[in-house]
Amino acid sequence: MSKALGRVLIIAGSDSGGGAGLQADLKAVTALGGFAATAVTALTVQNTLGVSGVHPVPAAFVTAQARAVLDDIGADALKTGMLGDLAMVETVAAILDSAPGVPAVVDPVMTAKGGAALLADEAMDAVRQLMVPRATLLTPNAPEAEALTGIAVETTDDLRRAGEALLALGAGAVLMKGGHLSGDRLTDILITPSGETLFEADRIDTRHTHGTGCTLASACAAGLAQGMSLEAAVARAWAYVQEAIARAPGLGRGHGPLDHAWTLRGRA
């Protein structure tokens, strides 16, 4: 029963504007038929124009939230997002270790859409050493991949090189996101030890892409929690996000949110 439903424990920061972070995660998992629980790592003051404040949650309280969920409801997949600082990275790595055999989707969140830093510089090595090797699936965008590998990512071939480097650091698989690259075509690459799968589409001309990374990672986690293969989970998540971007409601004066709930209304 739980495997078909798909229980996802999301460990990430909150977005008061509802477009990214835990709010996007909850919407994505629910829209794909899963059950989402949360452990909040930080509260942000945020809207479509950017982040104007961050209030970290004490690490021990994050552990307590996660244990409350895992010891009672359980989880079929874990998803991590904004961690913030070194202590939180170490805390979340320990939480992942406490759930052996549960796949983990790690979104190495470093900056907000508007450019605000969401990961302290001193935490970068910890993400590289502690989170990357614990990731069943790592979902970096181009700037995050550059920061983790030191490889400039400007082309699709660069995505491949950085992805292979992240596999060498211990990630089980890497979904390299090409949204930051130039060009009229969007290309993301799922790289695994056995090969690669390309996801391509014409780029949608819109500024309403706030929370795209959070949404994609959580949608992948929902699929894994529901027992889908990695490739199938990523393919469904990718198609879901593309449609959510195309249907973005145009809210706010900046980078607006996606239409996470389009699955509830169908494609009509």
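Helix axes here are lines fitted to C-alpha atoms, over the stretch in contact, and angles run from 0 to 180 degrees between N-to-C directions. Helices themselves are DSSP runs of H or I with at least four residues, strands are runs of E with at least two, and both are numbered from the N terminus.

Two notes on the source. This is a predicted model, in which local features need pLDDT of at least 70 and side-chain atom pairs count only at pLDDT 80 or more, while totals for chains, interfaces and linings use all residues. Residues are numbered from 1 along each chain as its sequence is written, and side-chain values use heavy atoms, with hydrogens and water left out.

I'll start with a helix pair. Helix α6, residues 142-149, and helix α7, residues 156-168, have axes that come within 10 Å and cross at roughly 50°. That makes α6 and α7 oblique to each other; the classes are roughly parallel under 35 degrees, roughly antiparallel over 145, roughly perpendicular from 65 to 115, and oblique for the rest. The crossing of α6 past α7 is left-handed, meaning the near helix is turned anticlockwise from the far one by less than a right angle.

Next, salt bridges. The rule is a side-chain nitrogen of Lys or Arg within 4 Å of a carboxyl oxygen of Asp or Glu. By that rule there are 12 salt bridges.

One of them joins Lys79 and Asp25, at 3.0 Å from N to O. Lys79 is in strand β4 (residues 77-80) and Asp25 in helix α2 (residues 21-31), so this pair ties together parts 54 residues apart in sequence. Lys79 and Asp25 are both buried, where buried means under 20% relative accessible area, exposed over 50%, and partly exposed in between (1.4 Å probe, protein chains only).

Asp158 and Arg161 are separated by about one helical turn, because they are three residues apart in α7. Which of the two is buried? Asp158 is, at 9% relative accessible area, whereas Arg161 is partly exposed at 46%. Salt bridges with shared partners also join Asp157, Arg160 and Glu196 into one network.

Arg247 and Glu243 form another salt bridge, 2.8 Å from N to O, and both residues are buried.

Last, Leu216. This residue is in helix α8, residues 212-225, and is buried at 3% relative accessibility. Its C-alpha atom is 6.2 Å from that of Val241, 25 residues away along the chain.
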